[in-house]
Amino acid sequence: MSFPGIIMISHYYLVLPLAVLLPAVFYYLGLGRKKRPFGSIGHVEAAVPKDVKRPRLKSASSRTTEWYQNLFFQLQHLEDHLDTLEPARDELLAMFSRGLSIALEQPHSILSIERYDAKKVWNFIEDEHEKVLTKWESYLERRKQGQGSELFATADAAKAWLVQQAPVKFVDGAWLAHVHKITTPFALRSVTKDAWQVLSEELGDGDLSKHHVYLYRQLLADIGHPLPDGHSADFINPSYWEGVNNRGAWEAAVGQLLISLFPNEFLPEILGFNMNYELITLDTMRAAHELRALGINPYYFLIHIAIDNADSGHTAMATHTVTRYLDMVRTTEGEAALEQAWKRVQIGYILSQTLGTSHSHERGNSSPAAKGSGFNITLDPLSARVIDIFKAKAPVSHQFHCQSRARIGGQTLAEWLAPSMWAHPHPQQQLELVAALSQAKPWIYPGESKKSLLVRELSWEGRMFGAFTHEEVNALTTWIDSLGPEGNSWLYWSFTRRQALASKTAVGELQDPVRHHPVVLPRGGDTMNIVIGSQEFNSGATFQIEQQPLTPPSKARLPDVIALWFAHVSLLENTINTPSRTASPLYASILRLLRAQAGFAVETHIVAGMDEFKRLTCPSLVDIGLELIFRTGWDTNVKPSCLQDVFLLTASQGQGEESAALARNMLIWGTRPSANLGLLLGLALAFLDLKEAVSRAPGLLSEESRLVLTAILAREKQSLEESIRELRSTDEAQHQQLIRGYQFGRGALENCL
């Protein structure tokens with residue numbers, strides 16, 4: 001593939017080619033911005049492009065801005081709001097269904113690829129890319145002919161738009177934030193690692209100056225309207241948003257936080273979301289062009305034009321990840337599993353396209369609505385029964401409703417009941433009717449048949465009493481009651497043909513940190529609950545790292561070493577789940593440590609992009625752990641496929657109780673990365689000693705793996721040294737916990753080994 005967009009841009013104005021090819025030029029030269037008072041953002045309307053088609057009302061969420069704001073905060077403080085997991089999963093499923101209901105009406109959506117074919121997927125992405133570039137060419141031509149700006153009429157309008165977009169920009173990367181955890185099945189780690197690389201680059205690869213959230217915060221400060229940290233309670237304070245009409249941005253931000261929240265359940269959807277979200281958009285290109293003309297730094301948008309390119313950037317990376325995953329499913333699970341996985345990738349792609357009103361504009365969702373996508377979805381039995389009832393009533397009732405002004409989903413009752421509609425009904429029409437009915441308040445209140453006007457009108461003293469039989473009324477009542485929070489997701493379950501699973505059940509199962517992410521546990525991860533035993537902790541003592549190395553483990557201790565090896569990988573992996581929180585020097589250091597542990601190349605001043613995909617050898621700590629198991633000589637016929645298998649194996653080989661408890665506790669403590677940050681860093685520091693001991697032990701690793709481990713250790717040490725310095729200067733309480741965690745971890749390792 002090539003990236004013709006960069007070349008096409010170069011045919012036009014001199015300024016924008018430089019902006020795309022050498023965006024840093026603008027950043028360092030400065031833009032000579034005119035200093036103006038910011039003015040009242042709440043009373044300035046950002047322009048809406050003329051070619052944008054708004055999603056139809058029937059598919060819109062009824063959630064309020066305040067509801068999205070509260071969920072936005074809770075999802076970024078998940079360790080303190082685990083009770084939000086159930087409604088969060090319900091909302092994610094409802095978003096899937098709402099997005100699908102829109103896509104089913106579009107003639108050229110990703111649904112046109114009914115069966116997975118890697119070549120068709122690449123062609124589709126290339127076509128989407130070319131469409132944007134064609135529109136960009138037309139835009140530039142209009143500007144050459146003297147037409148004015150299309151996004152921003154004035155600098156104040158541009159500033160208003162930038163503020164409106166802040167919620168979604170402050171979670172940049174969140175759609176991948178929960179992938180590639182230690183609980184990820186080992187066979188999928190090559191796929192999730194590729195996805196995680198995109199997240200790493202969104203977070204600047206550990207370089208704060210390249211961190212996308214940090215850049216957007218700097219942009220808002222530059223225009224005179226700084227905002228609090230996106231994960232802070234202040235950020236959702238109404239005083240910052242009075243008069244700002246940006247409900248769509250809040251919905252889109254929540255959608256990004258939700259999509260990756262359940263990675264073990266929704267990995268295909270996450271990968272599909274990523275594939276769409278990383279496409280270059282027309283609005284990003286226009287924004288870069290018009291902001292500069294208004295004296296506003298366009299660098300945030302310029303780097304997205306460059307880094308999302310379809311040759312070596314995020315568009316290519318995301319598409320490669322999807323096709324690699326689906327090819328793996330075909331090989332390991334067969335064609336039926338492949339087709340279901342493809343449908344789920346499509347669902348994720350569509351969600352990215354349709355999230356939020358204003359945000360869906362930016363993602364390029366501008367295809368005109370058109371009926372008849374030709375895609376068939378099997379209705380669930382209850383919905384099919386409702387359709388059968390309407391089909392039976394239509395020939396004898398449509399004329400009775402000719403004068404009715406009641407509308408369902410934008411159509412009158414007479415239009416829905418017209419015999420011509422039911423003579424040869426198309427599955428698309430049936431889907432539209434069920435979707436419209438499910439949201440047709442006051443006629444139907446999802447989950448509340450007794451409150452629904454339709455049921456009351458069909459009952460005694462209602463105007464339609466006797467029009468439906470007892471069985472038909474019962475069927476409608478049962479169907480309405482099924483439209484509770486889970487019922488809003490019926491289209492998702494029908495399309496993917498997954499077995500529907502209620503969120504109460506799904507979340508209720510997330511109780512084992514060895515198998516699940518996220519995990520719903522009592523607050524046992526609080527550092528106050530750690531039992532240090534006979535060790536004494538002197539908070540006033542000078543922090544000293546133990547100079548005496550750990551003794552290399554004996555063969556008898558390998559079960560303890562291996563369990564602890566895998567468990568310790570989890571210590572810091574959740575610290576970067578919230579992009580806004582990571583926009584600081586401390587978390588930049590932690591991200592570099594995680595990159596080293598995951599087997600990524602040493603960071604340079606240029607992003608790796610597709611180069612990382614092409615590296616032939618890139619072992620991670622998990623890969624080295626699997627080699628340790630292989631070299632034990634244990635009599636096992638089955639290679640561990642996941643963390644749970646590792647723990648079962650080490651237990652069967654004589655692991656001690658103390659190391660088993662420590663391994664499990666580390667998994668638990670890691671689920672509270674904010675409360676336990678100092679403890680987790682201290683433990684990570686102690687576990688450097690374990691890895692050094694393993695690297696010195698003869699026969700445990702190949703020479704190649706020993707050298708790789710030595711290189712990983714050097715990078716970890718540097719990152720932890722930087723983290724200790726930063727924590728000491730910014731949070732003394734957490735720094736004391738770091739000392740405590742190190743002392744506890746070092747003592748525990750000595751006991752276990």
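## Helix α30 and other packed sites

Helix α30 is followed by G654, whose phi is positive, near 95 degrees. The model is predicted: local features need pLDDT of at least 70 and side-chain atom pairs count only at pLDDT 80 or more, while totals for chains, interfaces and linings use all residues. Residues are numbered from 1 along each chain as its sequence is written, and side-chain values use heavy atoms, with hydrogens and water left out. Helices (H or I, at least four residues) are DSSP runs, numbered from the N terminus.

Helix α30 spans residues 643-652, and its buried residues (under 20% relative accessible area, 1.4 Å probe, protein chains only) are L643, V646, F647, L649 and T650. These residues are on the same side of α30 because they cover an arc of only 165 degrees around the axis, taken from the directions from the helix axis to the C-beta atoms. An α-helix has 3.6 residues a turn, so residues three or four places apart point the same way. On the face turned away from the buried side, α30 carries L648 and S652, which are exposed (over 50% relative accessible area).

The cover over the buried residues of α30 includes α26 (558-568), α29 (621-631) and α31 (657-669). Helix α26 is itself mostly covered, with 11 of its 11 residues buried. Among them are D560, W565 and H568.

Helices α27 and α32 form a packed pair, with a left-handed crossing (the near helix is turned anticlockwise from the far one by less than a right angle). Their axes are lines fitted to C-alpha atoms over the stretch in contact, and angles run from 0 to 180 degrees between N-to-C directions. Contact means heavy atoms within 4.5 Å.

| Item | Value |
|---|---|
| Helix α27 | residues 585-598 |
| Helix α32 | residues 677-696 |
| Angle of α27 and α32 | about 35 degrees |
| Separation of the axes of α27 and α32 | 13 Å |

From α27, L586, Y587, I590 and Q597 meet L677, L681 and K691 of α32. By class, this contact has 5 nonpolar, 1 polar and 1 charged residues.

Two single residues complete the report. T323 lies in helix α15 (residues 314-333) and is buried, with a relative accessible area of 7%. Leaving aside neighbours within four places in sequence, T323 is in contact with Y116, A118, V121 and W122. L104 sits in the loop between α5 (85-103) and α6 (118-144), and is buried with a relative accessible area of 2%. The C-alpha atom of L104 is separated by 9.4 Å from that of E432, 328 residues apart along the chain.

Technical notes:
Helix = DSSP H or I, 4+ residues; strand = E, 2+ residues; numbered from the N terminus. Nonpolar A, V, L, I, M, F, W, Y, C, P; charged D, E, K, R; others polar.
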